[in-house]
Amino acid sequence: MRMNNEYVIWFNHEKCTQCHGCEVACRSWRGLEGQGLLFRSVINVWRGNYPDAKNHSVSVSCLHCVEPACAAVCPVEAIIKRENDGVVEVDESLCIGCKACLDACPYGVPCFGSDDVMKKCDLCLDQAVGESGPPCVATCPGDALTFRKLNPKEKEAHMSYIFGLLE
Amino acid sequence: MNYQEAQEIAQKNGEQVVPTVCGMCGPGGPGGGCGIYAFVKAGRFIKVAGMDESPVNRGSLCAKAHAAPQWVYSPDRLTHPLRRIGKKGEGKFEKITWDQAIEQIAETLIRQKKTYGAESLAILSPARRSYSEYIQRFLVAHGSPNYGHSGICAMQRAFTFCYTLGDYPRPDYQESELIIYWGRQPIYSGPVARPAKSFLAAKQRGVKIVAIKPSVEPDVGMADIWVPLRPGTDAALALAMLHVVIREDLLDHKFIDEWCSGFKRLKAHIQQYPPEWAETITGVSTEQIETVARLYATTQRATIDLGNGVEHAPSANDAIRAVSILMAITGHLDRPGGNLFVTPPKNGIKSITLKERITQEMVDKLVGPEFPKQFQPFYEGTSSAYYRILESVLTKKPYAVRGIIAPGTQAIVSTRGSRNVAAALEKLDFFVVADVARTADMPYADIVMPLATSYEVDHSFQMVPGWLMATNPVISPIHSPKSIFDLFFDLSVAMGFGADFWDGSISKAMDDQLKPLGVTMDRLRQKNTGMTFSPGPRTYEKYQSVFNRVSPRLNGAPFLPHGKVAIFNTAFAEAGFNGLPQWCEPPESITGTPELSTNYPLILSDYHTSKNFSAAWQRNLPYLREIQPHPMLHIHPDTAAVRNIEDGDWVKVKSPHGWIKIKAEIYPGIRPDTVMLLHGWWQGCKELGMADTPLLDGGANVNLMYSVDGDKAYDPLITAMTSQTLVQVTKIQNGAEK
């Protein structure tokens, strides 16, 4: 089923300086203190060879896919795509920590705390974050991250863009 | 976010919000001057947000800023003043009170002054912050000229620029069509500050960007042209660029005739430095040198942002003045889109360094002048080079410093010659360490003073161009209530010169500093998000006034004796230095010492800044350490392959001066003949179960690796200690190294 509203934290690599501000803002605001517990990671990607070697940055988080591969493989249906806003939501009480979602996610997003329960970005929709938006968006010096409402086609185009940046 | 939004968020979450200044770019004091909203829940500092109202960061913040609560609550915080009870270097201490510690330091320094003279005290300078002028004031009040500036940061450029051009030529990011970032990292250290935002804005505007440095960092990835030169060869590149623009007559003759002195001598002199010559030294192709030189000279609105990278080589002064001359003779000085002379605001805060009390006698007593005595004092007052202060303890030349205070600085990992530094600290009569958290040098301290962070005190304020903001206390002090400011105020009172320190009152001192601006600290604090000032109107071509600017030397002589750009520098020549820029090899290099290449075939240098740490601090913060858990050697894939090295392997990096053990990062964007790593590694991270690493051989302290040979490792005029050497890299089998 395709939703009409697809929220996303949009990323533009041409405006990202790889400062990791978004990554740590998210951890600090969401209290993600455990080792490896990140809802958002900034990744360096290489292209080409010396002396034409170039790098670019990708700030990766859950894209709340139009047809989420994580939900499709979850054996206990702990991951659902919400109808009203397209958010891909995890029911932590159902998760059995099998990590099938991690294998399925094209962006390597799901992370697991010491309790082995899958955790990921929920777009801060239930958080008191104010008009500036989620902390990752608010803190970005280049406006490389912006909070947007898309239609499914636009969302899929953005997913392809991110996938292409990571390849 | 703005103040109202921050208050609304705090209210929803049952938190309090405190507007203040970020304190993460430096120990215990505001750094880059970003405005923050600090959130407190049940008395605990939990998170920050960027302040929209601050013209510095306009609502954004970097990774370091967001890790502040982990710094404040770190298990590595110093909790009590300590007095050494074991041997130096052993790290055995007993707890004492702050007052006992102040008393012991005061008594010792007074005794040393009586026996050896006031110059026997030196203070190693931390990064320049709002506390710096108080440290300088303390030294002058005590009578010592030995303010220990690093000799490798900012002042080197400032000195050579001023003695060549009369001022520091600021890049005009806004109006330029071509920006050359030369030895410059516009993003790291201040990713949300003006230079980084100007870089992004220029990029969006479609400005052509050239990056000159040995490896690809995120800014190079976004540049149009990368000039991958060998570390420490900037002077050779700049001389060859001068050769090209002079040979091809890409010059502003009117400006040269009216405003330059010594061009004819340069024209003859530069013949010996064609790009073919520079290619062998810099590793940059003749074609690329010519391309970049022509591009710069023929783009009317072109600017050069010369960075810290040029301040670490024995040819540093010549690199900086060659670039200065390039700006001048191609007509890029103080014109729109070029390099500007920015007039300082009429009303600044009051200078409190007591520089009016500096005498020739004090200049003569400098233990290891950062700049030759003929050129002292410079803008920051008198200064000795940080390393030379420590070296004097070993050599007693010209005399041994007897007491050193290291407030917020870590000598063993922050300056070169770590082996000598450790030996000096072991031998030193009296050593005081003051910091927020554990430092590398602490085991050698006689007294350790624990400092409060700027989140725990009500001082001082941040004054950056366009913004004045009070530091407000976010939480009550967790450990020591005393700040780096308190340390020097309390010491001054105990040593009998409290009258020079507002009788020990920091609030009186701040009011005094603010007087020219017509505000008091109380009034400033009432302005929740500080006071903003609009910049004055831009003016161009201020050659008459700038070229006749008076230097800070005691005789008040102008920087430029002829009132013109000093292409031939008569001031330097009369003092016995080269009148024209020349090339000088680093102490160890492929072209300078080919005999070393068999055993040490690769060039090693290090990064001065990183995206997630401030210098040698903050490796202990899990949020930041997880971004970069291990010291990594950037090594080209081919260079690694012939050594059977794979990504993540532990490797041994050996120079003629020592060896380190770090991990290899296969790095496509680095010269194949060069390897690089970040400096400042020693500290573990308790929360992540990571231990400290050795300070000398077998650790990851790159400063161990370089020459400190007095005849080869320094620039003769501006210190600029070398950070290039030759190394071999080998894989460590099974992760172990005997």
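A residue counts as buried if 20 or more other C-beta atoms lie within 10 Å of its own, as exposed if 12 or fewer do, and as partly exposed in between, with C-beta atoms placed from the backbone. Keep that handy for the exercises below.

The model is predicted, so local features need pLDDT of at least 70 and side-chain atom pairs count only at pLDDT 80 or more, while totals for chains, interfaces and linings use all residues. Residues are numbered from 1 along each chain as its sequence is written, and chains are lettered from A and ligands numbered from 1 in the order in which they are written.

**Exercise 1. Work out whether B:G368 is buried or exposed, and find what it touches.**

Step 1: B:G368 sits in the loop between helix 15 (360-364) and strand 15 (384-385) of chain B. Helices (H or I, at least four residues) and strands (E, at least two) are DSSP runs, numbered from the N terminus.

Step 2: count neighbours. B:G368 has 24 C-beta neighbours inside 10 Å, so it is buried.

Step 3: list the contacts (C-beta atoms, placed from the backbone, within 7 Å). Setting aside residues up to four places away in sequence, B:G368 touches B:S384, B:A385, B:R388, B:I389, B:E391 and B:S392.

**Exercise 2. Check how the radius of gyration of chain B fits a compact globule.**

Step 1: apply the rule, 2.2 Å times the number of residues to the power 0.38, with the radius taken over C-alpha atoms.

Step 2: The C-alpha trace of chain B spans about 70 × 65 × 60 Å along its principal axes, and 60% of its 738 residues are buried. Of the contacts in chain B with a separation of 6 or more, 72% are between residues 24 or more positions apart.

Step 3: tally the elements. Chain B has 25 helices and 28 strands.

**Exercise 3. Find the strand order and the edges of the open parallel sheet in chain B.**

Step 1: recall that two strands pair if DSSP finds at least two bridges between them. Here 4 strands of chain B run in the order 11-10-9-13, with parallel pairing.

Step 2: pick out the edges. Strand 11 (225-227) and strand 13 (302-306) of chain B each pair on one side only.

Step 3: zoom in on one pair. Strand 10 (residues 208-212) and strand 11 of chain B pair in the parallel sense over 3 bridges, and B:I212 stands opposite B:V227.

**Exercise 4. Name the residues with the most contacts inside the largest nonpolar core.**

Step 1: such a core is a set of buried Ala, Val, Leu, Ile, Met, Phe, Trp, Tyr and Cys residues joined through C-beta atoms within 7 Å.

Step 2: read off the answer. The largest core has 287 residues, and B:I36, B:L239 and B:M241 have the most contacts inside it. Helix 9 (residues 234-247) of chain B supplies its largest share, 11 residues.

Step 3: follow one of them. Beyond its neighbours within four places in sequence, B:M241 is in contact with B:I289, B:V292, B:A293 and B:L326.

**Exercise 5. Describe the hairpin of strands 2 and 3 in chain A.**

Step 1: strand 2 (residues 40-47) and strand 3 of chain A run antiparallel, joined by 8 bridges. One partner pair is A:N44 with A:S57.

Step 2: look at the connection. There are 6 residues between the strands, and A:G48 takes a positive phi near 75 degrees.

Conventions
Two residues are in contact if their C-beta atoms, placed from the backbone, lie within 7 Å.
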